[in-house]
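Below is a briefing on one predicted model. It is grouped by topic, with the cut-offs stated where each term comes up.

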Amino acid sequence: MKYLRYIILAAIVLSATPALGQSRHRLPKLAAGLRLGTNIGSISLTDKAYDIYSSSPSAFAVAGAWFQYRTEVGISFRPELTYKGRGGTLTGNDVYYHLLTNTIDTRLCMQLDFYVARSFASFYLMAAPTYVHTLGGHVSYRDDLNGDLNLDLSANNISDDEFELFCGAGFEYPLFAGGTMMLLSLEAGYNFTLTNNFTAAERNGELNAINLTNLSQPSVGSRLLHGVELAVRVGIPFGHHMKIRR
């Protein structure tokens, strides 16, 4: 029985046909819809001064809209505009630190489909460079010496603009209701920042609640946010449909 899952996985992989190079696409050429899910985020601090702290994940909301253009060779271009919560929790040395940043992500997602033989279902791989604009957020800080400190984040005390990379995979299947096609996808991915989001004020020691090394010392190294993203994507095709390969 322990080998059953491997046999099932092998059967799925062997039955999947890469869309690249096919003359016709199975799914509609144009579609748009919504994407809802969660980002299970965490924090990485690169300087050794922060090694005494351990990072634990925190769940944040993800919600956005997308547009998809499919080419006939099975590569899709899927720009997305998404609200996402980012951050995480750090603990250690009697310190509790929780960071939430509210962001608008502009993603330029590229998707490659792999079709399941004799089916409308498809697996896909995706990669998306992302521009991240921070709207604000909140820091909760607690230690034995200072008690509870809370700080609302704004353009003055956290980086406005960052860049990250999102990579993942998904499964898509079209549903038909009353003659109308609806595209349903389940997807999972990993997002990670490519740029340090410590601000100049943090590096200068002006924002005490954010600094974990010492409340009176400048921040050092880099603070990088990353997370596992789980989402459901629902869409409606429109325009002229491509022919379905029989």
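Rings of Phe, Tyr and Trp (its six-membered ring) count as an aromatic pair if their centres lie within 6.5 Å; planes under 30 degrees apart are stacked, over 60 edge-to-face and the rest tilted. By that criterion the structure holds 4 aromatic pairs.

The model is predicted: local features need pLDDT of at least 70, side-chain atom pairs count only at pLDDT 80 or more, and totals for chains, interfaces and linings use all residues. Residues are numbered from 1 along each chain as its sequence is written, and side-chain values use heavy atoms, with hydrogens and water left out.

**Overall make-up**

- The chain has 2 helices and 11 strands, where helices (H or I, at least four residues) and strands (E, at least two) are DSSP runs numbered from the N terminus.
- Read from the N terminus, the order of elements is α-β-β-β-β-β-β-β-β-β-β-α-β.
- Of the 246 residues in the chain, 43% are buried; buried means under 20% relative accessible area, exposed over 50%, and partly exposed in between (1.4 Å probe, protein chains only).
- Among the contacts with a separation of 6 or more, 73% are between residues 24 or more positions apart; a contact means heavy atoms within 4.5 Å.

**Aromatic rings and charges**

- Tyr131 and Phe163 form a tilted pair, with 5.8 Å from centre to centre and 50° between the planes.
- Because Tyr131 is in strand β7 and Phe163 in strand β9 (residues 161–177), this pair ties together parts that are 32 residues apart in sequence.
- Tyr131 is partly exposed at 32% relative accessibility, and Phe163 is also partly exposed, at 45%.
- A charge sits over a ring if NZ of Lys or CZ of Arg is within 6 Å of the ring centre and within 35 degrees of the ring normal.
- The charged end of Arg107 sits over the ring of Phe166, 4.0 Å from the ring centre.
- Arg233 places its charged end over the ring of Trp66, 4.6 Å from the centre.

**Nonpolar cores**

- A nonpolar core is a set of buried Ala, Val, Leu, Ile, Met, Phe, Trp, Tyr and Cys residues joined through side-chain atoms within 4.5 Å.
- The largest such core has 14 residues, and Ile43, Leu45, Leu90, Tyr97 and Leu99 have the most contacts inside it.
- Two or more residues of this core come from each of β2 (30–45), β6 (95–116) and β7 (122–143), with β6 giving the most, 3 residues.
- Another core lies apart from it and has 5 residues, among them Tyr124, Met126, Ala128 and Phe166.

- Side chains alternate along strand β4 (residues 58–70): Ser58, Phe60, Val62, Gly64, Trp66, Gln68 and Arg70 point to one face and are buried.
- β2 and β4 run antiparallel and are joined by 12 bridges; two strands pair if DSSP finds at least two bridges between them.
- In this pairing, Gly41 stands opposite Ser58 in β4.
- β4 is also joined to strand β5 (residues 75–92), by 7 bridges in the antiparallel sense, and Arg70 has Ser76 in β5 as its bridge partner.
- The hairpin of β4 and β5 has 4 residues between the strands, and Gly74 in the turn has a positive phi of about 90°.

**Strands β10 and β11**

- β11 pairs with β2 in the antiparallel sense over 16 bridges, and Gly37 stands opposite Ala231 in β11.
- Strand β10 (residues 180–193) runs antiparallel to β11, with 10 bridges between them; Gly227 in β11 is the bridge partner of Asn191.
- Arg223 belongs to strand β11 (residues 223–238) and is buried, at 1% relative accessibility.
- The side chain of Arg223 makes a polar contact with the side chain of Tyr97, at 3.2 Å.
- A polar contact is a pair of N or O atoms within 3.5 Å; within protein, one must be able to donate a hydrogen and the other to accept it, and residues adjacent in sequence count only if both atoms are side-chain atoms.
- Ala188 lies in strand β10 and is partly exposed at 35% relative accessibility.
- Not counting residues up to four places away in sequence, Ala188 touches Met126, Gly168, Ala169, Glu229 and Leu230.
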